[in-house]
Amino acid sequence: MKKPAVPVIMHDFEKQEKEVSLNLGMPGLRIQYFRGPIWGKTNEQIRKQVMEGNNPITGRPVVQELVEKLTKPLTAEEKKTGELQRNVGPKTYTATPDELQRLFLEKRYTDFLPVILPTEEKVAEMLKFTSHDPDEVLGRMNPGSGAGETWTYTVKDAAVNAVMAGAEPEYVPIILALGSTGITAVNVSDNGFMAGAVINGHIRDEIGLNYEEGAVGPYAQANTTIGRAWSLLSINGGNCGKVGTTYMGTIGNPMNLIGIIIAENEEKSPFKPLSVRRGFKEGENVVTLFTGWGILSAKNWAADVWGPNMNYPEIIKEIYGTQDGWLFGTCTVLSPPIADFVRDAGYDTVEKFTEWVTGQQPGTKPSFRGGNLNSGIRRAGGTFTVIVTGGSNNNYFSMGGMVPSQSVQIDQWR
Amino acid sequence: MKLRIAVITILCIGLVCSGSMLSNQANAQGNKPVVMPEITVFNPMGTPPPITLVPQAPRLDTLDGKTIYLINTGYIGTDRFMDELAKWFNANYPKTNIVIKDNRSGAGLSSLSEALWTEIAEKGDASIVGLGH
């Protein structure tokens, strides 16, 4: 529209904003920085601490700079047009293994753990497990939350990152299915989002996914390396996970390393698998992606209810009522014994249980009181998702904020 | 007797020296740098999109007589910030017309309507957009 506009942004985001404005073709975009955060401050605090304060980067008054950014004539640099060349380095690197490990670390190709170096032979092994062309564009990814630019990656790129993660070649169809969605495993949000996936179907046993004791823990090769491959693909294929630009979690989220890859314990669950509840056939190999804050033992929430007589459905309902359902709803990951308790309490389907827990018909779009951050009042719980996995060695379950997004047929990536 | 002691001493010295020499040879062999073979690996990066440079809009020569839109993208507390900013402009630039536009959805810059940008293009001279928290 050719009218000057000045964004006003917290100075902590400077590095990120420089990259974003470069990506948008305005490397010298005039941005006014201030010391935040604003959230929770009174008008008086905002006036004194922010507006009458200095830009922490330049040390000059915020409002004075703001006026200058609207009125100071543009420099030659700010008027530039044309194309900027991008360079992500050579297609291959040749060096000793130690030198390459160091190089990958320095170039931030890794998650700071050692990787399996992606030689041509190892990548070729991976590619044997898909019929797709290595050069086929697999997906387009950005760091999520509407931030950052969107990168493109191929089937081969995904195979390269799968090698690096330590994945076995037979995991490739799942890794490609995850990559095909373009959903990042490493979200930029300052809120610290994680990503997860639930896998259903016979592929669980084919590749040795763990859905017994320790199911959501990190000690099963398939679960762990599939999650790591998705994260590495997000880092390298989608340019995610770079602290200061595409990874801005105020606290961060340790689950970003390998996500949570859950194989449902379909054999011991009294309920239909998640994939079937989402419209796929029984036995079909399906991966369902999740985003959220993650899950935590339910014992963490419900004080004073753990004793000889347990009412698990009631505890789940109570915890649901404590959750902020606005972004991610509520997800409960039940061990088979807990799922049996739920069934024995009269809820023989997830739909019946969901209706009772949420007070809404299954499939109802969650409604929120207020519905925006400024109102401060939102409906608890939100979308309710049930997953069954893990062992039967005790009555434990986890809950948290995680919402399912896409479900992808895995076999189309064989 | 003296001769025997001298011979034994010489032999001992010889043994120590030869042992030391052997040890040095071994050390020399042990310290020899192991040459690791080079291998070739793929760069794991995807492909970034091209960047087309966009010139910034010309600046205003003065704020007097101009209309400036303060756009609240909806993040918590931005309404208070914009209210205070409007007060500051009214006090310091009384000839500038300030218009506040609130987006209360909390959904950020991308949720601002096309109609708003059209309105700014038609009626405004500049805008201040925030907050990036």
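Student: Which residue with a positive phi follows α9(A)?

Tutor: This is a predicted model. In it, α9(A) covers residues 221-237 of chain A. The residue with positive phi, near 55°, that follows α9(A) is A:N239.

Student: How far apart are the end C-alpha atoms of helix α9 of chain A?

Tutor: At 1.5 Å a residue, the 17 residues of α9(A) should span 24 Å. The distance in the model agrees with that expectation. The end C-alpha atoms are apart by 22 Å.

Student: How many of the 17 residues of α9(A) are buried?

Tutor: A residue counts as buried if 20 or more other C-beta atoms lie within 10 Å of its own. By that count α9(A) is largely enclosed by the rest of the structure, because the number of its 17 residues that are buried is 16.

Student: Which element gives the largest share of the side of chain B that touches chain A?

Tutor: On that side, 55 residues of chain B are in contact with 80 residues of chain A. The elements that give two or more residues include β1, β2, α3 and β5 of chain B. The largest share is eight residues, and it comes from α2(B).

Student: What is the bridge partner of A:A5 in β5(B)?

Tutor: Strand β1 of chain A, residues 5-10, pairs with β5(B) in the parallel sense over five bridges. In β5(B), A:A5 has as its bridge partner B:S127.

Student: What is the radius of gyration of chain A?

Tutor: Chain A has 14 helices and twelve strands. For its 414 residues the globule rule gives 22 Å, and the model's value is close to that, so chain A is as compact as a globular protein of that length. The radius of gyration is 24 Å.

Key:
Residues numbered from 1 in each chain as written. Chains lettered and ligands numbered in written order. Predicted model: local features only at pLDDT ≥ 70, side-chain atom pairs only at ≥ 80, totals over all residues. Helix = DSSP H or I, 4+ residues; strand = E, 2+ residues; numbered from the N terminus. Expected span 1.5 Å × (residues − 1). Buried ≥ 20, exposed ≤ 12 C-beta atoms within 10 Å, placed from the backbone. Contact = placed C-beta atoms within 7 Å. Pairing = 2+ DSSP bridges. Rg over C-alpha atoms; globule rule 2.2 N^0.38 Å.
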